[in-house]
Amino acid sequence: MASNVIGFTVLARATDALALAADTESSSNAEMEKLKATAKNVLRKVSQTGELQPPNDRLTIDAASYHFHILFMGGVLFLAHSDPHASAAVVFGYLEDIANEFLSQYGMQVDSARRPYVFIKFDLYLQKAKKSHLLRAQQNRPPPRHDINRKSFRDIMGFGPAGGSVGPGGPSPPGASSKSGDNTLLIIVGIVGVLVVLAVLGFVLLG
């Protein structure tokens, strides 16, 4: 993904992370689908923990090969995936734009939504706004913003590398590393057991 490119966008209700809308023009290869699944897990976690509350309503989650930017507004979580070198000011300018438009169109209907992606038609505005903001950024890069919190993937999810280095498919869930450690321990115990048996046999034979 080239620098300053916004990958995909997901809108979810803040109370339960129900997906409300998303763009449909992003690549749908296996790698991107895994990233989208990771984004939904992040939104669920943010919803459960209440991580974003005014005035701390903007968050960038750092990973090695991508960033997630999340804006909380009007009871909705607006998430954009981007290149790690993309300007946060550009991405949040985009998120604020789509948030204002979405809430003006559908804000009164958010609480009553019962099925995922009920506002999928908003995709048309997402595509238009994304192109507009990226074009403006190429012509005039906005100044840095200082109202954005930054955290690593581990800070939010409770697992993953400390530095936020998360591969395309997302980090391994809790327990993955412990299972590997348990297997290693079993191997070591098995080897020690064999050595003990051999030692006892040798003692018997020599005796």
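Two strands count as paired here if DSSP finds at least two bridges between them. Helices (H or I, at least four residues) and strands (E, at least two) are themselves DSSP runs, numbered from the N terminus. With that in hand, here's a tour of the fold.

This is a predicted model, so a few ground rules apply: local features need pLDDT of at least 70, side-chain atom pairs count only at pLDDT 80 or more, and totals for chains, interfaces and linings use all residues. Residues are numbered from 1 along each chain as its sequence is written, and side-chain values use heavy atoms, with hydrogens and water left out.

**How confident is the model?**

The pLDDT is the predictor's confidence in each residue, from 0 to 100. For the protein chain the mean is 79, with 72% of residues reaching 70 or more. The stretch to treat with care is 161–186, where pLDDT is below 50; beyond near neighbours in sequence, it has 29 contacts in the model. Contact means heavy atoms within 4.5 Å.

**The sheet**

Six strands make up an open, mixed sheet, and the order across it is β2-β1-β5-β4-β3-β6. At the edges stand β2 (19–22) and β6 (149–152); each has a single partner strand, so one side of each is left without a neighbour in the sheet. From one strand to the next, the twist averages 20°. Angles like this run from 0 to 180 degrees between N-to-C directions, using axes fitted as lines to C-alpha atoms (for helices, over the stretch in contact).

| Pair | Sense | Bridges |
|---|---|---|
| β4 (67–73) and β5 (76–82) | antiparallel | seven bridges |
| β3 and β4 | antiparallel | five bridges |
| β3 and β6 | parallel | four bridges |

Leu71 of β4 is a handy landmark: its bridge partner in β5 is Phe78, and Leu71 is also the bridge partner of Arg58. The strands β3 and β4 form a hairpin with four residues between them. Looking towards β6, Thr60 stands opposite Arg150. As for burial, four of the five residues of β3 are buried, so β3 is largely enclosed by the rest of the structure. Buried means under 20% relative accessible area, exposed means over 50%, and partly exposed falls in between (1.4 Å probe, protein chains only).

The 19 residues of α2 should span 27 Å at 1.5 Å a residue, and its end C-alpha atoms are 26 Å apart, which agrees. That expected span is 1.5 Å times one less than the number of residues.

Helix α3 (residues 123–139) lies across β1 and β2, running at about 135° to β1. Among its buried residues are Tyr125, Leu126, Ala129 and Leu134. The buried residues of α3 pack against β1, β2 and α2. For α3, 17 residues should span 24 Å, and the end C-alpha atoms sit 25 Å apart, which agrees.

**Two nonpolar cores**

A nonpolar core is a set of buried Ala, Val, Leu, Ile, Met, Phe, Trp, Tyr and Cys residues joined through side-chain atoms within 4.5 Å. The largest one has 30 residues, and those with the most contacts inside it are Leu11, Leu20, Phe78, Leu95, Ile98, Phe102 and Phe122. Elements giving two or more residues to this core are β1, β2, β5, α2 and α3. The largest share, 10 residues, comes from α2. Leaving aside neighbours within four places in sequence, Leu20 is in contact with residues including Leu11, Val76, Phe102, Tyr117 and Ile120.

A second, separate core of 23 residues includes Val46, Tyr66, Phe72 and Ile156. Ile156 has its place in helix α4 (residues 153–157), and at 8% relative accessibility Ile156 counts as buried. Beyond neighbours within four places in sequence, Ile156 is in contact with Lys45, Val46, Glu51, Leu59, Ile61 and Lys151. Ile156 and Thr49 are 107 residues apart in sequence and 9.1 Å apart in space, C-alpha to C-alpha.

**One more helix residue**

Arg44 lies in helix α1 (residues 30–49) and is partly exposed, with a relative accessible area of 41%. Arg44 and Thr15 are 29 residues apart in sequence, and 9.1 Å separates them in space, C-alpha to C-alpha.
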